[in-house]
Amino acid sequence: MENAEDHIKNLSGPEAKAKLKELVEKAENCFFCSNIKTGLPFSTRPMSEQLVDVDGNIWFLSRKDSEKNAEIAQDPFVQLLFQANKHSGFVSIYGTAEIIDDQQKIDELWQPMFKVWFEKGKNDPIISLIKVNPGQGYYWDTKNGQAIAFLKIAASLVTGKAMDDSVEGKLIVD
């Protein structure tokens with residue numbers, strides 16, 4: 001029988017960056033939380049990440065006049081919550097955000113569907129970038145992928161034996 005330690009795998013450095021990139025890129029949802037103050041409600045909104053770069057930074061597009069940009073200008077600490085699907089691929093990242101005005105990076109990240117939010121296109125003067133530098137986080141995933149996890153769940157239900165395929169651990173990115 002497996003013990004709890006078999007399901008814990010803390011990651012740091014390049015290994016943590018790789019896991020972060022893997023989970024963020026397959027995530028269907030991200031909740032971007034700002035204005036984080038102990039004991040008070042924080043601001044949360046759904047957002048879509050545009051890139052996880054080689055350094056593990058997570059990039060978003062945002063309106064310069066948004067509440068989140070104003071909150072980041074006052075307090076750069078943010079929490080990002082990602083979910084790949086309902087059974088695996090969860091990651092919570094704590095880091096610092098900065099507002100960046102870089103037309104070349106906007107051009108690199110631009111997709112035609114963004115006109116929904118930025119009607120003047122990629123040259124809309126209201127566009128800013130948010131770069132989140134992750135410091136630490138925590139992830140929950142499967143050891144062997146969704147297909148094997150599903151088979152283990154099915155086998156467990158038939159045999160009555162626990163066959164947990166989960167893995168979780170701390171992510172120390174910087």
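Does K105, at 15% relative accessibility, count as buried or exposed? K105 counts as buried, where buried stands for under 20% relative accessible area, exposed for over 50% and partly exposed for what lies in between (1.4 Å probe, protein chains only). The model shown in these views is predicted, so that local features need pLDDT of at least 70 and side-chain atom pairs count only at pLDDT 80 or more, while totals for chains, interfaces and linings use all residues. Residues are numbered from 1 along each chain as its sequence is written, and side-chain values use heavy atoms, with hydrogens and water left out.

**View 1. The whole protein, with its four helices and nine strands.**
From the N terminus on, the elements follow one another in the order β-α-β-β-β-β-α-β-β-α-β-α-β; helices (H or I, at least four residues) and strands (E, at least two) are DSSP runs, numbered from the N terminus. The protein has 174 residues, and 40% of them count as buried. Among the contacts (heavy atoms within 4.5 Å) with a separation of 6 or more, 70% come from residues 24 or more positions apart. The accessible surface, calculated by the Shrake-Rupley method with a 1.4 Å probe and, for residues, with only the protein chains shown as cover, comes to about 10100 Å², and carbon and sulfur atoms hold 55% of that surface.

When residues up to four places away in sequence are not counted, K105 touches L51, W59 and L129. With W59 there is a further relation, for the charged end of K105 sits over the ring of W59, 4.7 Å from the ring centre; the rule asks for NZ of Lys or CZ of Arg within 6 Å of the centre and within 35 degrees of the ring normal. K105 also meets the side chain of E108 in a salt bridge, with 3.4 Å from N to O, the term standing for a side-chain nitrogen of Lys or Arg within 4 Å of a carboxyl oxygen of Asp or Glu. Because E108 and K105 are three residues apart in helix α3 (residues 103–109), about one helical turn separates them.

**View 2. A network of salt bridges that links K19, E22, K26 and D141.**
A search of the whole structure finds 11 salt bridges. In one of them the side chains of D141 and K19 meet, at 2.9 Å from N to O. This pair links distant parts of the chain, since D141 belongs to strand β8 (residues 127–142) and K19 to helix α1 (residues 13–26), 122 residues apart. D141 is buried, and K19 is buried too. E22 and K26 form another salt bridge, in which the closest N and O atoms are 3.7 Å apart. These two residues both lie in helix α1, four residues apart, or about one turn of the helix. E22 is partly exposed, with a relative accessible area of 37%, and K26 is partly exposed, with 38%.

**View 3. The stacked rings of F77 and Y94.**
Rings of Phe, Tyr and Trp (its six-membered ring) pair if their centres lie within 6.5 Å, and planes under 30 degrees apart count as stacked, over 60 as edge-to-face and the rest as tilted. By this rule there are five aromatic pairs. The centres of the F77 and Y94 rings lie 5.9 Å apart and their planes meet at 10 degrees, which is why the pair is stacked. The pair joins distant parts of the chain, with F77 in strand β6 (residues 77–83) and Y94 in strand β7 (residues 90–100), 17 residues apart. F77 counts as partly exposed because its relative accessibility is 38%, and Y94 counts as partly exposed because its relative accessibility is 31%.

**View 4. The ring pair of W110 and F114.**
Here the ring centres are 5.5 Å apart and the planes stand at 80 degrees, so the pair of W110 and F114 is edge-to-face. W110, at 18% relative accessibility, counts as buried, and F114 is buried with a relative accessible area of 7%. Ring pairs link W110 and F114 with F118 into a cluster.

**View 5. A nonpolar surface patch made by M113, V116 and W117.**
The patch has an area of about 360 Å²; patches consist of residues with over 30% relative accessible area and no salt bridge, like charges being joined within 9 Å and nonpolar side chains (Val, Leu, Ile, Met, Phe, Trp, Tyr) within 5 Å. V116 lies in the loop between α3 and β8 and is exposed, with a relative accessible area of 66%.
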